[in-house]
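Dear colleague,

Please find the structure below. My notes on it follow.

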Amino acid sequence: MVEIRLLEIAQFLGCTVEGNKEALIRGVAPLDQAQVDDLSFYTNSKYATRAKLSKAAALVVGLHDRERFAGRSLLISDNPYRDFARVVAKWFNCAFLPKAGVHPTAIIGENVQIAEGCSVGAYCVIERGAEIRAHTTLFPFCYIGSKVTLGEHCLLYPQVTLLDRVIIGNRVILHSGVVIGGDGFGFAPDPNRGHIDKVPQVGWVEIADDVEIQCNTTIDRGALGATKIGRGTKIDNLVQVGHNVEIGEHSIIVSQAGISGSTKIGNWVTLAGQVGLVGHIQVGNGAIVTAQSGVAKDVPPKSVVTGSPAQPMIENRRALAGMSRLSELRKKVRDLEYRLRELEQGKIDSG
Amino acid sequence: MVEIRLLEIAQFLGCTVEGNKEALIRGVAPLDQAQVDDLSFYTNSKYATRAKLSKAAALVVGLHDRERFAGRSLLISDNPYRDFARVVAKWFNCAFLPKAGVHPTAIIGENVQIAEGCSVGAYCVIERGAEIRAHTTLFPFCYIGSKVTLGEHCLLYPQVTLLDRVIIGNRVILHSGVVIGGDGFGFAPDPNRGHIDKVPQVGWVEIADDVEIQCNTTIDRGALGATKIGRGTKIDNLVQVGHNVEIGEHSIIVSQAGISGSTKIGNWVTLAGQVGLVGHIQVGNGAIVTAQSGVAKDVPPKSVVTGSPAQPMIENRRALAGMSRLSELRKKVRDLEYRLRELEQGKIDSG
Amino acid sequence: MVEIRLLEIAQFLGCTVEGNKEALIRGVAPLDQAQVDDLSFYTNSKYATRAKLSKAAALVVGLHDRERFAGRSLLISDNPYRDFARVVAKWFNCAFLPKAGVHPTAIIGENVQIAEGCSVGAYCVIERGAEIRAHTTLFPFCYIGSKVTLGEHCLLYPQVTLLDRVIIGNRVILHSGVVIGGDGFGFAPDPNRGHIDKVPQVGWVEIADDVEIQCNTTIDRGALGATKIGRGTKIDNLVQVGHNVEIGEHSIIVSQAGISGSTKIGNWVTLAGQVGLVGHIQVGNGAIVTAQSGVAKDVPPKSVVTGSPAQPMIENRRALAGMSRLSELRKKVRDLEYRLRELEQGKIDSG
């Protein structure tokens, strides 16, 4: 069992520590569930009461929350959630991993290269010409298509499918059910012939370093050329990325968002949950698209857009406010009508 | 071939029977497709004509529909759909199941416990320390992670993935492509360092008894602590359940709904299709969220909310009605303008 | 390496050719990426500049664009995208396919029929009584349930699941993660007993010829009777098709759309991305539902509907226009109020 002094944790994080520096930390937990030897963290004033009642041995908090917790053992951080995460990652992250080496049931095609330190789980299939670089881990039932390149220190959970010629960088994490390199949705309907022709999807997919893609998400190959996901971008569950989409670096794509073909997303962009984007548009660096928005035209850098069809946040708020004041306007018009009738009748009377 | 008298079915259901009690029932079918020895059912007056024309030997109907079908053979039920379902389940449900026993190609890790009466299909992988209780069935290609607990009489269709430490109750049904225990979407962006840190997801998932989860749905593990699905809850295809979500008992979550992290859903709640919920909110017992709604704040018990952003049904209807009467309001204002001009000119004329 | 004269391509397509008929074409690429021996295509005036700058040896263009590219080598087509696709399909489509024959690790049940020319990949499982017709290809990890019928010249990518009794036509393409024949979402809640009964889903699924279904899409079996997908229909990634839905011929269902139970979709219908349809409605032939729309009632043939709730395009535009002119209306009312007050005071003054 892991056991570390609070001071040692502070030194690792580069934080100052308050209270009992010698407190022994044996676990991590959220505020409510923390026991007397657990570390927890506090970032949101909504949870102030929970924090007060928490049994945790110590809390990671921001400098401005220091006085709120006077008397408790604290680690003072300029990013408490991140620093808490660093502690979990270093001492308390115990996920199960397959053994190193190639499992005897894995089927390895001709001219496949598997570098040192790799782990290839039971019932994996790696087709001919694929290359897997050092220290990459495949859980069972992964399918690695022909001529795929998979970088170093990657982690593929069970049931990941990489179709042929997909290119994956280093330290990429792919979760169960992810499919990369399926055909794009390219069809040329020809009603005269009573037929829809398939447009062959002969491109590929490039995933840069440090990308993480979560469960059951689909990234289609380019029709021609590549679909690209930039360095450090994180994609949640059940997201759809169409053919020839390009996503920049360090962007966040939340669950069930859908990005249509050939759209380009910049760096540090956030697409919230269930957002939909049409094809062939651009979303500028640092832009935010709020949940369930439907985006049909370019989004300028650093802007925040919302609604379906999406518009700048401020215009959307104005429109919603206008609608909510409709009954007030209706009342005003009714009053005007009444007063006008009075006047008209007065005129007639006095006429 | 199954063959049962109508009377015997009535006795099983505790229903009264009208017409030919000795009619032999040899199958079940919807109204249009029913043959002369099939049982069918009727619940919706939209299908009254189909019911009249149906060849079915007998119908399960409500008491208030008894006269409508005078002369036909009927089973009078206070819940015709449910009782029809009970008949199908008892006599006409013939789904294919794998043979009992562990298939020789299944790979079973150290210290795995598999109780009596289980069926483990071809090419399943069960990692070390997992426990599978009595009479549970795994179709081929299921992945059972390390230290998973899987209850009694569960049914896992092909390609189900349970990551490590997931806890599943009794009589749980998991359909193909379901992933339980993937990492939550937890990241701490740090633009100054030009990096997004992963927040380790070290919690687990608890699924209570009698839950059913349908194809390609994803349930993420808690960041810390558990994601919980309560007893009897049913979740449709392609649903996303974020980390540390808690869903109560007997709730219904329809296809493509998405629930963000740490949100709490009560008992007997209905989330209709494509609903999205932000994180850290509460949906009270018995509440209904209509299709495609976007919920950004707490939903009171037994309320019905709709729209994006979601609001109580009655306010939403009022708002929609107000908008649809906008052109009428505009006409009224135009009329006021005209009359006012007349008055003003009269005043000037007479002034 | 493939190398064809432009004239030969023109003859294959039945196009007229302009410029250098002897140009040697060695590849295909989009406008920007094309090299001096590539064929490219042009359809959208938005890309006129790219087309001018493109290094491509020749372009496939429409007749009306002929003059725009005077001096270049051209293939004149009445459907440039389709004809370009035909060229790619004929000469430049090089996707990796598994070898013919049944892989020794495939597990084949009793009474399974596999016709000549089939390819069954590693670790496929085909349950008893299934039939696979000539020249069909299964990539690894496909699960073919009991009594499934799979037509000729089908292509199933890795990790496709067909549950028991599913019927698939000829030339059908199913992408990774597709699940066909999972149970429909049929439950009869019974709050008095504190229980939700499962309604057994004992129907099946019928997929006609030339259908393509993309990654991680789910098609549920009928509760009773069939869920049907008509000839030539194309379904994108992550789509949900509920039990007893019927989709006609040559329809296009875009990513993340959801169709609730028993709804009927006609021929040549387009459902754009993230559309949701309630159950038990009809969408007429040739109708278009725009992205993210929520459809709660029948859609007439050839109509275009939009919004949530969906309404005819023209009404939706009028409603949006009305809302955007609200502040103008408000100003008008303010002006009327002012003038009326003036009049009233004048009246009082002169009274």
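The side chains of A:Glu212 and B:Lys198 form a salt bridge, with 2.8 Å from N to O; a salt bridge is a side-chain nitrogen of Lys or Arg within 4 Å of a carboxyl oxygen of Asp or Glu. This is a predicted model, in which local features need pLDDT of at least 70 and side-chain atom pairs count only at pLDDT 80 or more, whereas totals for chains, interfaces and linings use all residues. Residues are numbered from 1 along each chain as its sequence is written, chains are lettered from A and ligands numbered from 1 in the order in which they are written, and side-chain values use heavy atoms, with hydrogens and water left out.

Between chain A and chain B there are three salt bridges. The contact (heavy atoms within 4.5 Å) involves 63 residues from chain A and 70 residues from chain B. Together, chain A and chain B bury about 5200 Å², of which 66% is on carbon and sulfur atoms; buried area is the accessible area (1.4 Å probe) that two parts lose on being put together, summed over both. In chain A, the residues that lose the most area to chain B are A:Phe96, A:Tyr123 and A:Arg330, together 12% of what that side buries.

Turning to chain C, 71 residues of chain A are in contact with 63 residues of chain C. This pair of chains, A and C, buries about 5200 Å². Three salt bridges are found across the interface of chain A and chain C. In one salt bridge, the side chains of C:Arg82 and A:Asp190 meet at 2.7 Å, N to O.

Yours sincerely
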